[in-house]
Amino acid sequence: MSSPGAAEKAGSVSAADERLTDQRYPGTSRLTARPQFLEVYERGRRVGSSSFILFGLPNEVGHCRLGVTVTRKIGGAVVRNKIKRRLREVFRKHRHDLGPALDLVVNAKHPIKDRSTAELEAEFLRRFTALAGRFEG
């Protein structure tokens with residue numbers, strides 16, 4: 001015996017899956033290997049802020065990818081992982097709006113511990129816009 005709303009739910013599964021897929025942070029949006037980071041450092045451009053340095057390099061993938069580094073100078077493992085999660089979340093929320101397609105590396109600075117997620121989000125978007133402008137002109 002099926003419930004009255006079962007037919008409606010079965011029809012909306014693909015739409016729900018599509019929304020979830022759109023909000024994920026897939027492996028194709030990540031920089032994971034050391035050579036990827038080194039290439040961005042060596043060939044890319046950078047912009048700084050009080051909380052982090054943002055490096056960028058155009059890529060051929062067609063969308064932005066992100067790598068994050070947080071050194072032990074910033075804090076212990078719990079603090080470093082929290083900072084990385086917050087930066088990835090900011091990127092995940094805005095990754096479809098970011099253009100041009102760049103490989104990005106964020107190097108955290110010590111004051112980042114005192115920033116709220118909203119402050120990090122605003123700072124990241126401002127710095128990304130400045131970095132993207134360097135590749136357009």
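This report describes the fold of one protein chain and then some of its residues.

## Basis

This is a predicted model, in which local features need pLDDT of at least 70, side-chain atom pairs count only at pLDDT 80 or more, and totals for chains, interfaces and linings use all residues. Residues are numbered from 1 along each chain as its sequence is written, and side-chain values use heavy atoms, with hydrogens and water left out.

## Overall fold

The protein has four helices and four strands. Helices (H or I, at least four residues) and strands (E, at least two) are DSSP runs, numbered from the N terminus. Along the sequence the pattern reads α-α-β-β-β-α-β-α. The protein has 137 residues, and 34% of them count as buried. Buried means under 20% relative accessible area, exposed over 50%, and partly exposed in between (1.4 Å probe, protein chains only).

Contact means heavy atoms within 4.5 Å. Take the contacts between residues at least 6 apart in sequence: 81% of them join residues at least 24 apart.

## Helix 3 against helix 4

Two packed helices are described by the angle between their axes and the distance between the axes. Here the axes of helix 3 (residues 77-94) and helix 4 come within 10 Å and cross at roughly 60°. Helix 3 is therefore oblique to helix 4. Axes are lines fitted to C-alpha atoms, for helices over the stretch in contact, and angles run from 0 to 180 degrees between N-to-C directions. Angles under 35 degrees count as roughly parallel, over 145 as roughly antiparallel, 65 to 115 as roughly perpendicular and the rest as oblique.

The crossing of helix 3 and helix 4 is right-handed. A crossing is right-handed if the near helix is turned clockwise from the far one by less than a right angle, and left-handed if anticlockwise. Helix 3 contributes Arg86, Leu87, Val90, Phe91, Lys93 and His94 to the contact, and helix 4 contributes Thr117, Leu120, Glu121, Phe124 and Leu125. These residues divide into six nonpolar, two polar and three charged. Ala, Val, Leu, Ile, Met, Phe, Trp, Tyr, Cys and Pro count as nonpolar, Asp, Glu, Lys and Arg as charged, and the others, Gly among them, as polar.

Glutamate 121 sits in helix 4 (residues 117-136). Glutamate 121 is buried, at a relative accessible area of 17%. Leaving aside neighbours within four places in sequence, glutamate 121 is in contact with Val90, Lys93 and His94.

## Side-chain polar contacts

A polar contact is a pair of N or O atoms within 3.5 Å; within protein, one must be able to donate a hydrogen and the other to accept it, and residues adjacent in sequence count only if both atoms are side-chain atoms.

| Side chain | Partner side chain | Polar contact |
|---|---|---|
| Glutamate 121 | Lysine 93 | 3.4 Å |
| Arginine 65 | Aspartate 103 | 2.7 Å |
| Serine 50 | Arginine 115 | 2.6 Å |

Arginine 65 lies in strand 3 (residues 65-69). Arginine 65 is buried, with a relative accessible area of 15%. Not counting residues up to four places away in sequence, arginine 65 touches several residues, including Leu31, Phe91 and Asp103.

Serine 50 is in the loop between strand 1 (45-48) and strand 2 (52-58). At 39% relative accessibility, serine 50 counts as partly exposed. Serine 50 and proline 111 are 61 residues apart in sequence, yet 6.8 Å apart in space, C-alpha to C-alpha. Beyond neighbours within four places in sequence, serine 50 is in contact with Lys109, Pro111, Arg115 and Glu123.

## Other buried and exposed sites

Leucine 31 is found in the loop between helix 1 (6-23) and helix 2. Leucine 31 is buried, at 5% relative accessible area.

Isoleucine 83 lies in helix 3. Isoleucine 83 is buried, at 2%. Leaving aside neighbours within four places in sequence, isoleucine 83 is in contact with Val70, Ile74, Ala108, Ile112 and Lys113.

Glutamate 42, in helix 2 (residues 34-43), is exposed, with a relative accessible area of 63%.

## A cis peptide bond

Most peptide bonds are trans. The bond from glycine 99 to proline 100 is cis, with omega near 5°. Proline 100 is found in the loop between helix 3 and strand 4 (102-108).
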